[in-house]
Amino acid sequence: MRKTLLTLLGAAAVLGTIATPASATTQETRKFVGYGSSDFGLELIYARHDARNQATWAGFTDCEEYDKILFPYSATVFWRCTR
């Protein structure tokens, strides 16, 4: 009887750990828009620098550029960041 009880308790413990869903980690995602303008062709660099500064000040380090708009003498970049 004791052996059967221990076997059932062991099986319940194993199944309980398998059936328990993994805890989801909460990641915060935020979008940043950087603007830049230049008469010398540096507008994209300035726009990326603006978006990076915004993200850094907000505490985000893992960012990707998901879109950009380029016009003569001006640029806009869109970044998606997570932390």
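Predicted model: local features only at pLDDT ≥ 70, side-chain atom pairs only at ≥ 80, totals over all residues.
## Overall layout

Going along the sequence, the chain reads α-β-α-β-β, with two helices and three strands in total. Helices (H or I, at least four residues) and strands (E, at least two) are DSSP runs numbered from the N terminus. Residues are numbered from 1 along each chain as its sequence is written, and side-chain values use heavy atoms, leaving out hydrogens and water.

Of the 83 residues, 20% are buried, where buried means under 20% relative accessible area, exposed over 50%, and partly exposed in between (1.4 Å probe, protein chains only). The chain's accessible surface is about 6600 Å², and carbon and sulfur atoms own 61% of that. Areas come from Shrake-Rupley with a 1.4 Å probe, and for residues only the protein chains shown count as cover. As for contacts (heavy atoms within 4.5 Å), take those with a separation of 6 or more: 54% link residues 24 or more positions apart.

## The strands

Strand E3 (residues 74–82) pairs antiparallel with E2 (residues 62–71) through nine bridges. Nine bridges also tie E3 to E1 (residues 29–37), again antiparallel. Pairing here takes at least two DSSP bridges between the strands. With seven of its nine residues buried, E3 is largely enclosed by the rest of the structure.

For landmarks, Asp-62 sits opposite Thr-82 in E3, and Phe-32 has Trp-79 in E3 as its bridge partner. The E2–E3 hairpin has two residues between the strands, and Tyr-73 there adopts a positive phi near 75 degrees.

A salt bridge would need a Lys or Arg side-chain nitrogen within 4 Å of an Asp or Glu carboxyl oxygen; for charge, Lys and Arg count as positive, Asp and Glu as negative, and His and the chain ends are not counted. Beyond four places in sequence, the contacts of Glu-43 include Gly-36, Phe-71, Tyr-73 and Ser-74.

Tyr-46 is also found in H2 (residues 43–58), and is partly exposed at 40% relative accessible area. Together with Phe-40, Leu-42 and Ile-45, Tyr-46 makes a nonpolar surface patch of about 450 Å². Patches take residues with over 30% relative accessible area and no salt bridge, joining like charges within 9 Å and nonpolar side chains (Val, Leu, Ile, Met, Phe, Trp, Tyr) within 5 Å.
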